[in-house]
Amino acid sequence: MATILPDVSRTFSEYLLVPRLTERNHIPSEVNLQAPLSRDPNGLKLNIPFVSASMQAVSGTKMAISLARLGGMAFIYCSQPIEKQAEMVRRTKLHKAGFVESDSNLMPSQTLQDALNLKAKNGHSTMPVTEDGTSSGKLLGIITENDYWEFEDDLNAPVSKFMTPWEKLVYGKVGITLDEANRQLRKNKKDCLPIIDDEQRLVSLVFKKDYIAHKKHPNELSDGEKRLVVGAAVNTHDYKERVPALVEAGVDVICFDSSDGYSEFQKEAALWVREQFGNKIVIGGGNVVSGEAFDYLVKEAKMDFVKVGIGGGSICITREQKGIGRGQASALMEVVEHRDRLHKETGEYVPLCSDGGLAHDTQIIIALAMGADFVMMGRYFARTNESPTHKVSMQGRMYKPYWGEGSARARNWQRYTEDGSKRMKFEEGVDAYVPIVGSVSDVLDVTCAKLRSTMCNCGSSSLDEFQEKSTLTRISEQSFEEGSANNVSIVENKHNPKDS
């Protein structure tokens, strides 16, 4: 007969943290939220323990840039053509507080309309004009939106008529440091400094706005070249074509995107990637809900981190459709037990990502206390201005569409079929809407403030200390009700909106 686990499948909402001694050094401003992303102790670390789900309605280029600037990371979704996903990664990597290779270039003979088209395509209003129209051609000038009036000037006139010519440009030479380049921008009151070689060929650009963005976001997550860190999802079908394209585009982390990652398909794909690229990129696997599955992905597939969770997402109906899954708290606790046992026996620490079942900030905090190193969220980020979907007005309130990767709308057959049939026989996700709550920065600022405060209540100054010191207690239905506002009439306070 089937094996029946004796424990009830638990959720995060069934637990509370018991406070520990708060010492004088436990103050929110001193709390460290860094979290490991790799089993390599010297490997990549998140500056805040949050990543966005690899979903069409969540993780586009704008989300990836915004989240990395705040210290987290996005996983660009793979349910799209390889070249489009690679381009999203490439565009994210171009945003850095340093020397940027120009991806919007013109020849002097091109028209003002060409410049407008290029601006609309890439979103850049500053465009170098080079002899051959490439990013490494001889620099002849620069055109910005301040050089023309779109609805007044002749759109068929050549760019050379509007650009600031070479003779009037302020520029830097190859070898200049970033500090020196920023000083030149400040001294000359410029927004962009082109960097050239001895033959006047364009090498890179330095922007004032990148300097400002870097200063505003001290937690910015960047690589050794000061490019923003970005992740990408891959599947077990076209990985031999997709992964090389993503690596070429500069991806830092890949994660296999599967509703159930406990498979030989994922093992074979992960080992192939490791053989081809070594430790150049971080490799994540999942999703799993048991210690047995964790052991397989770590010991057999050599994953750097593992995602935990099946069927707990707000738009996921895998449990309903297939009877597969597990309460997120129960799944995480068992996997953490196996992770900690492996660490004790071998000294090797494998980070865990809790994915799903996180409807509120309190559940995020409980997940991290239980042993997750970082959390992956979909709905949380889909509600923000930076998600790639359009705003929709319904009944006087603004919403954004949000759909599961297992829904018919996603057309993500590769994630849910093993036979290569290129069609889904049933859905494992729904199509929905979520209310807009503001920017990524706004919502993460509140969540991080709550997390830091709770960690101080539990006598912790770092996430690993939080895991070690946390004491959790199960709660009854009555104690759950007791913990909410009760026996009073609620008056809406616009200055203290309800936790979302």
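Student: Which residue in strand 21 does Val 18 stand opposite?
Tutor: Val 18 stands opposite Thr 471, where strands (E, at least two residues) and helices (H or I, at least four) are DSSP runs numbered from the N terminus. This is a predicted model in which local features need pLDDT of at least 70 and side-chain atom pairs count only at pLDDT 80 or more, while totals for chains, interfaces and linings use all residues. Residues are numbered from 1 along each chain as its sequence is written, and side-chain values use heavy atoms, leaving out hydrogens and water.

Student: In what sense do strand 1 and strand 21 pair, parallel or antiparallel?
Tutor: Strand 1 and strand 21 (residues 471-474) pair in the antiparallel sense over 4 bridges, pairing being called when DSSP finds at least two bridges between two strands.

Student: Switching to helix 3, which residues are buried there?
Tutor: In helix 3 (residues 112-122) they are Leu 112, Ala 115, Leu 116, Leu 118 and Asn 122. Seen down the helix axis, these buried residues fall within an arc of 160°, so they line one face of helix 3; the arc is that of the directions from the axis to the C-beta atoms. Buried means under 20% relative accessible area, exposed over 50%, and partly exposed in between, with a 1.4 Å probe and protein chains only.

Student: And what's exposed on the other side of helix 3?
Tutor: Ala 120 and Lys 121 are exposed there.

Student: What do the buried residues of helix 3 pack against?
Tutor: They pack against strand 6 (127-130) and strand 7 (139-143), with contact meaning heavy atoms within 4.5 Å.
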